Amino acid sequence: MTNIRAAITGVGGYVPDYILTNQELETMVDTSDEWITSRTGIKERRILKGEGRGVSVLGIEAVKDLIAKTKIDPKEIDLVIFATVTADMTFPATANLVATAVGATNAFSFDMSAACSGFIFALTTGASYIQSGMYKKVVVIGGDKMSAIMDYTDRTTCIIFGDGAGCVLLEPATEDVGVIDYILKSDGSGESYLHMKAGGSRYPASLETINARHHFVYQEGAAVFKFAVTHMAEVSAQLAERNHLKADDIAWLVPHQANKRIIDATAQRVGITEDKVMMNIERYGNTTGGTIPLLLWDYEKKLKKGDNLIISAFGGGFTWGAVYVKWAYNS
Ligand code: UT7
């Protein structure tokens, strides 16, 4: 390990304008605002409307926001990583499309697939490229157009997910700020509980897969809930402990926004009070790869240089993990 740290030096974000409220969902499936709010904490989510508009639209707007705020020249960007499970196409990578659209013409780019943990997997990957000394400006995007793979007749999933993307800029720092430590995990036996069955090489699109509704997210909610609560809480506590961070030392818990009850359980396990837990699930729902960068985007102005952040996520795969970041700037 070198003494170069990878610092987050800017944040960008974008959510589409259309707001899908619990009230509108009540007209689509057999559900209620009361059930959704009490079981998940979600009030509304954003939906990207329009023919032929993929997740790249969200990523491009988020990176444009980042470029405008940080005033970097896009030609200086070395690498763009896009964490998503709703890529515009199976190939080419959506990161390629975003990089070109924002003028990052000197960058190489690729997508990462780790579902709801995608952003933390990509963040730590990007950080490694910076820490190696190889690259100086890495843009890490997390985002999904979940509405593209949502069955709006299935009340157990369609009430949860929304569309949105956020991104961060990583740059080298020699001060003690940036990505300090992380624990990342995956377990393929989680496949049966949370997946999208068709559209890949195992079950390519066919009339049968379409009729069987296999191009939509399938989730066994209660089972995933149990895994998420246990693993997200455990890994967050483990990371804090091994970095000698007591609850008072942690300025913010930055949890993946899947369910307010999972977030509360994670906060409780780490001993963090609600005022130090970033939360925007009520407005955006679960945007999969987008939740964590969208939290940083929403809370950026409250963050101070030196703040200790514990970022944690759990998602399909299963995949999960936690990242300890020391914030690098005052807004
Ligand atoms: O981000 C990736 C990882 N994903 C997660 O972390 C999601 C984890 N899971 C969850 O957040 C929760 O399990 C859900 C929000 C998906 C579901 O909440 P739950 O408290 O686990 O409910 P449940 O699945 O155990 O269902 C309880 C009842 C069932 O009815 P019965 O069998 O008790 O009569 C469901 O049919 O609630 C019913 N139900 C609904 N009722 C009204 C399920 N969805 C709805 C709905 N509206 N939308």
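These questions and answers walk through a predicted model. Residues are numbered from 1 along each chain as its sequence is written, and side-chain values use heavy atoms, without hydrogens or water. Local features need pLDDT of at least 70, side-chain atom pairs count only at pLDDT 80 or more, and totals for chains, interfaces and linings use all residues.

Reader: How many Å separate the centres of domain 1 and domain 2?
Author: The domain assignment gives domain 1 (5-176) and domain 2 (180-326). Such bounds come from an automatic or database domain assignment. Taken over C-alpha atoms, the separation of the two centres is 14 Å.

Reader: How many residues does each domain give to the contact?
Author: Contact means heavy atoms within 4.5 Å. Domain 1 gives 50 residues, and domain 2 gives 44 residues.

Reader: What area is buried between domain 1 and domain 2?
Author: Buried area is the accessible area (1.4 Å probe) that two parts lose on being put together, summed over both. Carbon and sulfur atoms give 63% of it here. The area is about 3,700 Å².

Reader: How many salt bridges does the rule find across the interface of domain 1 and domain 2?
Author: Side chains of opposite charge can pair when their charged atoms come close. A salt bridge is a side-chain nitrogen of Lys or Arg within 4 Å of a carboxyl oxygen of Asp or Glu. Across the interface of domain 1 and domain 2, the count is 3.

Reader: How many residue pairs are in polar contact between domain 1 and domain 2?
Author: A polar contact is a pair of N or O atoms within 3.5 Å; within protein, one must be able to donate a hydrogen and the other to accept it, and residues adjacent in sequence count only if both atoms are side-chain atoms. With both residues at pLDDT 80 or more, the count between the domains is 17.

Reader: Which residues are the closest to the ligand?
Author: A residue is near a molecule if one of its heavy atoms lies within 4 Å of it. The ligand is surrounded by 24 residues. The closest are Thr31, Arg39, His256, Asn259 and Asn286.

Reader: Where is Pro92?
Author: The peptide bond from Phe91 to Pro92 is cis, with omega near 0 degrees. Helices (H or I, at least four residues) and strands (E, at least two) are DSSP runs, numbered from the N terminus. Pro92 is in the loop between strand S4 (79-83) and helix H4 (94-101).

Reader: What is omega for the peptide bond that joins Gly317 and Phe318?
Author: Phe318 is in the loop between strand S12 (308-315) and strand S13 (319-326). The bond is cis, and omega is about -5 degrees.

Reader: What is phi of Ala115?
Author: Ala115 lies in the loop between strand S5 (108-112) and H5. Its phi is positive, in a residue other than glycine. The value is near 50 degrees.

Reader: Which residue forms a salt bridge with Glu171?
Author: Glu171 is in strand S7, and its partner is in the loop between H5 and S6. The closest N and O atoms are 2.9 Å apart, and the partner is Lys137.
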